[in-house]
Amino acid sequence: MRNKTNWKATILLMVGAILILFPLYLTVTIAFKTPQEMSGNLLALPENWTFDNFIRAIEITNFPNALGNSVFVTALTVLIVITTHSMVAYAIARNMHKKFYKFLYFYFISAMFIPFPIIMLPLVLQTSAWGMDNLVGLAFLNGVMHLAFNVFIYVGYVKTLPIELEEAATIDGASQWKVFWKIIFPMMMPMHATVAILTALAAWNDFMLPLVILSDSSMYTLPLVQYAFQGQFSTDYNLAFASYLMAMLPMIVLYIFVQKWIIGGVMRGSLK
Amino acid sequence: MKKDHVFLLMVLPAFLLFFIFHTYPALQGIFYSFTNFRGYGDWNFVGFFNYINVFQDGRAMSAYVFTFQFAIVSTILVNIFSLLVAIGLNSKIKFRKTLRATYFLPFILSVLIVSYIFQFMFAHMLPQFGQAFGIDFLSRNILGDQNLAWLGIVTVAVWQSTAFNTLLYLAGLSTVDDQVYEAADIDGANSWAKFWRLTFPLIAPFFTINMVVAMKNFLMAFDQIIALTGGGPGRATESISLLIYRGGFEGGQFAYQSANAVLYFIIIVAISVIQLRILERREVK
């Protein structure tokens, strides 16, 4: 009985999937329509697919600049997070029996319960006073904000790694640094993938932190640019949707190619 | 170098930076909540003055009421939908991988941009649809209606958050052994009974996590609201995060909103703890 295809569930899920895809269908079609077509049937496909909206959006919002900013912040954040958070988690996981490391673990973890708006106002004063209201500062702060969750899942993973290998290496005279970078760090690869995916998505789509940290509009990331141009976008939906589509496209394309990997990575994180 | 020293070197920089950029601002916020600081210039201590004011402030109260209403309704809906979708995806269906990828897609998209797209749909598409089919409450922009705007925000939140929670439930369902069901099949249990007696208790820990995580995220809602209504019409959909942002940065209420933020923090922690307690007790049963 359990080996028969469940058609009822298949059909229901396909109907539900239309609800998921519909807003994206709308985004794509409107981005390719002319303003004149907007008065017609909104659900129809564009009569003549036009790239005008995209060309205008690229010029008006300076898309290459915003794309560059988003890529830079995301890449730097992932780099910081993978190298430092894994190291911190390793040191904590191997010393959990000591009071100080146990305290550190719970100290970091407790930050998961602190909503960002609580620290937002003082943090903004502090970062602007220290000249951190730029992209590097933003990536650095991302590293601080993601520490709690990443340490939590990295520590869970390190605990599953056998300690014998490290002990053998230490006896052979390797320093603890070497043990970490040469043995442990490569062994953490599956968890690095999970952390990299979750961190990259969060950093790429983040709006609130860049909004309060970045002061110069030439540093705006993609979501921030969509926000900054709302005045113009609300009178020109073709322009707006072309810009939205371009802002979402890099992640969508990436998702199409590596979705199995992304879903697997997130699932692995959730089972920890 | 000694082994212990290396371990210490691995954690100390992170410890210091975390303290400077996370704990210290939090402490500063608590400190300023007892002053009349505006974000610049001189200040004096004012004791609990700001805290008392938050309780008497109609704007703050309506933000709390809206945020709770939104968070509770969204949390319940997200969990119902994601559990249903996860069970569907976990059964013997065709095109499973494609469907799973589709349902997870909203997770990778920016909340802000998705909300802008829905804002267009609420403003221009649904009214056309409502008028064409004579559905009264859809024939105007619900985001422009004091009493209905929050439902628009719930819609977007549920559309997007169902993706991630579905995946967590799928992870939970993957831990359930098929043999459990085979035993139930022999006993002749129907699928409804199988779900409530077998599946649900087995994935209860995932239910707990999903409820707590969803509730906490919705209590902090910001992006959706900025994009959909900007807190309007009037202040009907101003969330607590938005109030702290607006008052703190634009209204010169640095100290006052810090007090608000401290209360907000206490409430979020209290809710998370209560949820965990109640839901974990259920799990044991």
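Me: What covers the buried residues of α8(A)?
Reply: The cover includes α3 (63–94) and α7 (164–171) of chain A, together with α1 (3–32) of chain B. Helices here are DSSP runs (H or I, at least four residues), numbered from the N terminus. Contact means C-beta atoms, placed from the backbone, within 7 Å. This is a predicted model: local features need pLDDT of at least 70, side-chain atom pairs count only at pLDDT 80 or more, and totals for chains, interfaces and linings use all residues. Residues are numbered from 1 along each chain as its sequence is written, with chains lettered from A and ligands numbered from 1 in the order in which they are written.

Me: Which residues of α8(A) are buried?
Reply: In α8 (residues 176–187) of chain A, they are Q176(A), V179(A), F180(A) and I184(A); buried means 20 or more other C-beta atoms within 10 Å of the residue's own, and exposed 12 or fewer. Seen down the axis, they fall within an arc of 95° (taken from the directions from the helix axis to the C-beta atoms), so they line one face of the helix.

Me: And what does the face turned away carry?
Reply: That face of α8(A) has the exposed residues K182(A) and P186(A).

Me: Changing topic: how many residues does each chain give to the contact?
Reply: Chain A gives 63 residues and chain B gives 67. On the side of chain A that touches chain B, helix α13 (residues 237–271) of chain A gives the most, with 12 residues.

Me: Where do α1(A) and α3(B) meet?
Reply: A9(A), L12(A), L13(A) and G16(A) in α1(A) meet V85(B), G88(B) and L89(B) in α3(B).

Notes: Two residues are in contact if their C-beta atoms, placed from the backbone, lie within 7 Å. Helices (H or I, at least four residues) and strands (E, at least two) are DSSP runs, numbered from the N terminus.
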